Amino acid sequence: MKVIIVKNAAEGGKKAFEIFKKKLDEGATVFGLATGGTPETTYQELCDSDLDFSNCISINLDEYVGLPADNPQSYHYYMKKHLFEKKPFAHSYLPDGQNDDAKVECERYSRIIAENPVDLQLLGIGRNGHIGFNEPGSAFDGRTQKIRLTESTIAANARYFENENDVPKYAYSMGIGEIMQAKTVLLEAYGKDKADAIKKMVEGEPTEEVPASVLQTHDDAIVIVDEDAASLLR
Ligand SMILES: N[C@@H]1[C@@H](O)[C@H](O)[C@@H](COP(=O)(O)O)O[C@@H]1O
């Protein structure tokens with residue numbers, strides 16, 4: 001695991017952009033994408049650039065169950081707003097939060113991931129160490145699943161909703177086993193809130209209690225953290 005420490009999220013976005021550009025130059029065609037506050041500077045850098053993804057495929061990590069694509073809190077909406085409007089892909093896949101048949105939806109999404117091996121997977125990290133929506137206790141070899149969000153994740157994501165009760169309780173998320181199949185994984189984390197999760201991810205024993213710690217066993221995992229998120233590292 002390669003850890004890059006930057007001053008702030010703005011500088012982190014520039015570093016992440018360089019990695020996207022290098023991958024694209026090397027012929028990457030499938031990009032795994034993430035949502036949340038963390039990747040916003042990266043997406044801004046991509047939008048401001050002349051990189052062209054119109055021959056590429058994107059596969060997002062997750063989506064809330066129950067939210068239609070035009071709901072401003074949905075990850076479909078987020079991706080359109082932060083990236084796809086400016087940088088369209090040939091095809092962009094996200095889980096369908098409106099499919100209430102979880103078995104069918106998860107199998108459909110796992111098939112998409114299997115048929116389109118991801119070259120570069122972008123990740124954020126939850127305060128409890130989750131990646132995608134794979135909460136503590138998720139299997140390291142897991143596939144796409146319907147996940148019940150923990151209280152800590154609901155509280156953390158409530159800032160995007162009018163009140164905490166509006167945060168969906170379930171999400172569809174790519175599994176950890178599927179995330180690990182990406183050729184390169186790039187995780188970004190900014191701010192003091194993430195320092196504890198970053199310490200456990202980088203220095204702790206890999207354990208399903210800290211989902212991101214699985215990245216210690218990935219051949220090409222890059223972590224970009226600001227000084228606050230890195231503040232508990234030895
Ligand atoms: N499902 C997303 C994750 O993919 C994201 O990494 C995490 C952190 O979000 P933020 O970047 O806003 O701190 O939140 C959500 O739970």
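Hi everyone, let's begin with N128: with 19 C-beta neighbours inside 10 Å, N128 counts as partly exposed. Please keep in mind throughout that this is a predicted model.

So where is N128 along the chain? You will find N128 in the loop between β6 (120-123) and β7 (145-148). Setting aside residues up to four places away in sequence, N128 touches P136, T150, S152 and A197.

Under "active site", an unreviewed UniProt entry lists N128 together with D62, H130 and E135.

Let's go to another name from that list, D62. This residue sits in strand β4, which covers residues 62-64. Is D62 buried or exposed? D62 is buried, because 23 other C-beta atoms lie within 10 Å, and 20 or more is what it takes to be called buried. Leaving out neighbours within four places in sequence, D62 has contacts with Y75, P95, G132, F133, A171, Y172, S173 and M174.

Two of those names come back as we look around. F133, a contact of D62, is also among the residues that come nearest to the ligand, along with G36, G37, T38 and G124. In total there are 14 residues around the ligand. What kinds of residue make up that shell? It divides into 4 nonpolar, 9 polar and 1 charged.

The C-alpha atoms of Y75 and D96 are separated by 10 Å, with the two residues 21 apart along the chain. D96 itself is found in the loop between β5 (91-93) and α4 (102-115). With 18 C-beta neighbours inside 10 Å, D96 counts as partly exposed.

Take G137: 71 residues separate it from E208 in sequence, yet in space the two are 5.0 Å apart, C-alpha to C-alpha.

To finish, let's step back to the wider chain. UniProt, in an unreviewed entry, places the feature "domain: Glucosamine/galactosamine-6-phosphate isomerase" at residues 25-220. Over that stretch the chain is 27% helix and 16% strand, and the end C-alpha atoms are 17 Å apart.

Terms used:
Residues are numbered from 1 along each chain as its sequence is written. This is a predicted model: local features need pLDDT of at least 70, side-chain atom pairs count only at pLDDT 80 or more; totals for chains, interfaces and linings use all residues. A residue is near a molecule or strand if its C-beta atom, placed from the backbone, lies within 6 Å of it. Ala, Val, Leu, Ile, Met, Phe, Trp, Tyr, Cys and Pro count as nonpolar, Asp, Glu, Lys and Arg as charged, and the others, Gly among them, as polar. UniProt positions are given in the numbering used here, feature names are shortened, and annotations may be inferred rather than shown by experiment. Helices (H or I, at least four residues) and strands (E, at least two) are DSSP runs, numbered from the N terminus. A residue is buried if 20 or more other C-beta atoms lie within 10 Å of its own, exposed if 12 or fewer, and partly exposed in between; C-beta atoms are placed from the backbone. Two residues are in contact if their C-beta atoms, placed from the backbone, lie within 7 Å.
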